[in-house]
Amino acid sequence: STFVLEISKSPSWRPKFIYYNKWVSFFGFLLCLVIMFLTSWYIALASILIAAAIYFYIDHTDPTVNWGSANQAWEFYSVEKSMMRMRRF
C-alpha cells in the first residue's frame with residue numbers, strides 16, 4: 001500500500017521514516033506474494049481471487065458511502081477524548 005500511495009502522489013501521504021524508499025516497499029510486496037505461493041499456492045490463489053471478487057463487487061455496486069479519511073477519524077477520536085476528559089471536571 002505504501003508503494004501505491006507513493007506512485008499515486010496522494011497529498012496525505014508523507015512518510016516520516018528517513019530511510020523510506022518506494023522500491024523497498026514494492027520489493028516487500030513481491031516478497032510477500034512469493035512467500036504466500038511457496039507456503040500454499042492454492043490458498044494464496046484462493047485468497048487473491050476472493051479479494052479481487054470483493055473489490056470488483058464493491059466497484060460494480062458503487063455504494064454511495066463516504067468512509068472518511070484516517071485524519072478525520074483521528075480528529076474525531078481526539079475531540080471525543082477531550083470531551084470525556086472535560087466531563088470528569
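Modeller: Helices (H or I, at least four residues) and strands (E, at least two) are DSSP runs, numbered from the N terminus. Ser 25, for example, is placed in helix H2. This is a predicted model, in which local features need pLDDT of at least 70 and side-chain atom pairs count only at pLDDT 80 or more, while totals for chains, interfaces and linings use all residues. Residues are numbered from 1 along each chain as its sequence is written, and side-chain values use heavy atoms, with hydrogens and water left out.

Biologist: Is Ser 25 buried or exposed?

Modeller: Buried means under 20% relative accessible area, exposed over 50%, and partly exposed in between (1.4 Å probe, protein chains only). Ser 25 has a relative accessible area of 18% and is therefore buried. Leaving aside residues up to four places away in sequence, Ser 25 touches Thr 2, Phe 3 and Tyr 20; contact means heavy atoms within 4.5 Å. Phe 27 also has its place in helix H2, yet Phe 27 counts as exposed because its relative accessibility is 53%.

Biologist: How is the packing of H2 and H3 described?

Modeller: Two packed helices are described by the angle between their axes and the distance between the axes. Axes are lines fitted to C-alpha atoms, for helices over the stretch in contact, and angles run from 0 to 180 degrees between N-to-C directions. The axes of H2 and H3 come within 5 Å and cross at roughly 130°. Angles under 35 degrees count as roughly parallel, over 145 as roughly antiparallel, 65 to 115 as roughly perpendicular and the rest as oblique; H2 and H3 are therefore oblique to each other.

Biologist: Which residues meet there?

Modeller: From H2, Leu 33, Met 36, Phe 37 and Thr 39 meet Trp 41, Ala 44, Leu 45, Ser 47 and Ile 48 of H3.
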